[in-house]
Amino acid sequence: MRATMGPRWHAYRVVPLLYVVIATAWLASLASTSPGAQNTAFDLAGNPVDPLKLAGGKIIVLVFVRTDCPVSNRYAPTIQKLSAEHEGKATFWLVYPSKSESAEVIRKHEQEYGYKIPALRDPHHVLVKESHVQITPEVAVFDANRHLVYHGRIDNLYEDIGRARSAATTQELEDAVAAAISGKSLNVSATHGVGCYISDVE
């Protein structure tokens with residue numbers, strides 16, 4: 001007669017499986033806090049991504065935003081318009097530098113504002129430092145050779161927090177992308193944005 005498998009046999013199957021799950025989670029935690037992980041940004045699935053290495057000869061535009069920054073949220077239509085206009089020659093990335101904004105929160109933000117641009121989390125501010133930005137929204141434009149050619153505001157719509165013009169009179173981001181595509185130099189390669197400060201302490 002064939003012996004039946006009782007509760008003890010099931011326990012032997014479940015316990016090792018539980019150890020595997022716990023070990024996997026522990027290793028993932030170690031990976032996220034390892035020195036290597038602290039030198040990269042991540043996509044919303046948690047994979048390490050270096051947008052400059054993925055450039056493929058295109059201009060790279062990093063747009064730094066926060067989900068709770070009203071100034072950067074107001075720029076959503078402008079960011080999407082410029083991304084669409086330069087598709088094929090420049091690749092735009094949204095970069096979320098806040099350590100407290102989860103992938104789920106970012107996905108909700110993208111859906112709310114109709115973003116079609118790929119998003120990255122930059123919890124260790126690797127891209128923040130590489131781009132020399134301090135504010136959301138600020139942008140960084142890298143040429144085809146991965147050289148930083150411009151960083152700063154998108155345009156001069158905002159004079160100060162709470163003080164906006166009826167329309168922007170300068171178009172720094174658009175000028176920087178056009179110059180990078182044509183290989184020309186900019187008269188001004190850096191400006192200071194108006195918005196929400198990117199803090200190292202959260």
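I began with the terms: helices (H or I, at least four residues) and strands (E, at least two) are DSSP runs, numbered from the N terminus. I noted that the model is predicted, so that local features need pLDDT of at least 70 and side-chain atom pairs pLDDT 80 or more, while totals for chains, interfaces and linings use all residues. Residues are numbered from 1 along each chain as its sequence is written, and side-chain values use heavy atoms, with hydrogens and water left out.

**Entry 1: lysine 116**

I located lysine 116 in the loop between α4 and β5. Is lysine 116 buried or exposed? Its relative accessibility is 77%, so lysine 116 counts as exposed; buried means under 20% relative accessible area, exposed over 50%, and partly exposed in between (1.4 Å probe, protein chains only). I also looked up the pair of lysine 116 and alanine 84: they are 32 residues apart in sequence and 9.5 Å apart in space, C-alpha to C-alpha.

**Entry 2: strand β4 and its partners**

I found that six of the seven residues of strand β4 (residues 90–96) are buried. Two strands pair if DSSP finds at least two bridges between them. Strand β3 (residues 59–64) pairs with β4 in the parallel sense over six bridges, and valine 61 stands opposite phenylalanine 92 in β4. With strand β5 (residues 119–121), β4 pairs in the parallel sense over three bridges; here leucine 94 stands opposite alanine 119 in β5.

I then followed the chain from β4 through helix α4 (residues 103–113) to β5, which together make a right-handed β-α-β unit. A crossover is right-handed if, with the strands pointing away from the viewer, the path from the first strand over the helix to the second runs clockwise.

**Entry 3: the hairpin of β7 and β8**

I recorded four bridges, in the antiparallel sense, between strand β7 (residues 138–142) and strand β8 (residues 148–152). Phenylalanine 142 stands opposite leucine 148 in β8. Five residues lie between the strands of this hairpin, in which arginine 146 takes a positive phi near 65°.

**Entry 4: backbone angles**

Most residues other than glycine have a negative phi, and most peptide bonds are trans. Histidine 125 is in the loop between β5 and α5 (126–131), and at 2% relative accessibility it counts as buried. Histidine 132, in the loop between α5 and β6, also has a positive phi near 60°. The peptide bond from threonine 136 to proline 137 is cis, with omega near 5°; proline 137 is in the loop between β6 (135–136) and β7.

How many aromatic pairs does the structure hold? I found one: tyrosine 75 and tyrosine 158, 6.3 Å centre to centre, with 45° between the planes, a tilted pair. Rings of Phe, Tyr and Trp (its six-membered ring) pair if their centres lie within 6.5 Å; planes under 30 degrees apart count as stacked, over 60 as edge-to-face and the rest as tilted. Tyrosine 75 lies in the loop between α2 (70–74) and α3 (76–85) and tyrosine 158 in strand β9 (residues 158–160), so the pair ties together parts 83 residues apart in sequence.
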